[in-house]
Amino acid sequence: MNNSHPELNRQLQQMLPDAYVCRQTLSACPELQLWLATPECINRPFAADEQLRIAAHPAYWAVCWPGGLAMARYLLDHPAMVKGKAVLDIGCGSGLVAIAAAYAGAKQVIACDLDPQALIACRANMALNPLAQQQTELALCSDFLQLGQVDLVLAADLLYDQHNHGLLDKFIAISQQVWLAESRQPDIQHPAFHYLGRHCYPTEPETGPNDPYATSLLYHSLPTRQP
């Protein structure tokens, strides 16, 4: 299986023993390629025991979620947003948003995720996109609280869990410029964030004919007023 990645396969097979990844070009972002679960692995009904394995070993990094796709597409279409900046992608998963930021011309990109498997996937996906690597300093981390100030914080599909909403104040503490893309949180109620618009990019690989979360909402933080 030449078009696969043995290390990522081992990680994915903790969730589904017969699953594997392949190199895929994204419909939403055809400039980029990622190692993702093959469509037949995820676009099917799951038995009860498989559902338990998925819950116990979720491989979030093996799929591109709508929020990440919307954010990545926006960066690629508006490179001035990141050009020459130090950018932090929090909850990076596959690394899609981090790689898009690098491709768009960021000076430095830090991809951060609590899941060590996601960081392994992120490194592998960065290697698939040499243009992004050539022009940008890329780094990985597991705890953004250990970092200093950055020019821009990006977070996509991170607020599906209500407990994560408390992170917004921590994001603002390290950067006045914070951008969010959310497909599973319909309304963000925070005084520092301004709604920008909605974008429709279904999950990749496709999880079914009608993705209920295909629409993502984009927000950005408003600069703090100076006294």
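Modeller: Let us begin with Ala155, which is placed in strand β6 (residues 152-156). Strands (E, at least two residues) and helices (H or I, at least four) are DSSP runs, numbered from the N terminus. This is a predicted model, in which local features need pLDDT of at least 70 and side-chain atom pairs count only at pLDDT 80 or more, while totals for chains, interfaces and linings use all residues. Residues are numbered from 1 along each chain as its sequence is written, and side-chain values use heavy atoms, with hydrogens and water left out.

Biologist: Is Ala155 buried or exposed?

Modeller: Buried means under 20% relative accessible area, exposed means over 50%, and partly exposed lies in between (1.4 Å probe, protein chains only). Ala155 has a relative accessible area of 2%, so Ala155 is buried.

Biologist: Which residues is Ala155 in contact with, leaving aside its neighbours within four places in sequence?

Modeller: Contact means heavy atoms within 4.5 Å. On that basis, Ala155 is in contact with Met71, Ile90, Phe171, Trp179, Leu180 and Ala181.

Biologist: How are strands joined in a sheet?

Modeller: Strands of a sheet pair through backbone hydrogen bonds, either parallel or antiparallel. Two strands count as paired if DSSP finds at least two bridges between them. Here β6 and β7 run parallel and are joined by four bridges, with Leu154 standing opposite Trp179 in β7. Four bridges also join β7 to strand β9 (residues 215-221), but this pair runs antiparallel; in it, Glu182 stands opposite Leu217 of β9.

Biologist: What is the order of the strands in the open sheet?

Modeller: The order of its seven strands is β5-β4-β3-β6-β7-β9-β8, with mixed pairing. Because β5 (137-141) and β8 (193-200) stand at the edges with a single partner strand each, one side of each is left without a neighbour in the sheet. From one strand to the next, the twist averages 20 degrees. Elsewhere in the sheet, strand β3 (residues 86-90) and strand β4 (residues 108-112) run parallel and are joined by five bridges; Ile90 has Cys112 as its bridge partner in β4.

Biologist: How many residues of strand β7 are buried?

Modeller: Five of the five residues of β7 (residues 178-182) are buried, so this strand is largely enclosed by the rest of the structure. Both of its faces are covered, with Val178, Leu180 and Glu182 on one side and Trp179 and Ala181 on the other.

Biologist: What unit do β6, helix α8 and β7 make?

Modeller: A crossover is right-handed if, with the strands pointing away from the viewer, the path from the first strand over the helix to the second runs clockwise. In this model, β6, α8 (residues 167-174) and β7 make a right-handed β-α-β unit. Helix α8 lies across β3, β6, β7 and β8, running at about 150 degrees to β7.

Biologist: At what angle do helices α4 and α5 pack?

Modeller: Axes are lines fitted to C-alpha atoms, for helices over the stretch in contact, and angles run from 0 to 180 degrees between N-to-C directions. Helix α4 (residues 66-77) and helix α5 (residues 96-103) pack at about 0 degrees, with their axes 9 Å apart. Residues making the contact include Leu69 and Met71 of α4 and Val97 and Ala100 of α5.
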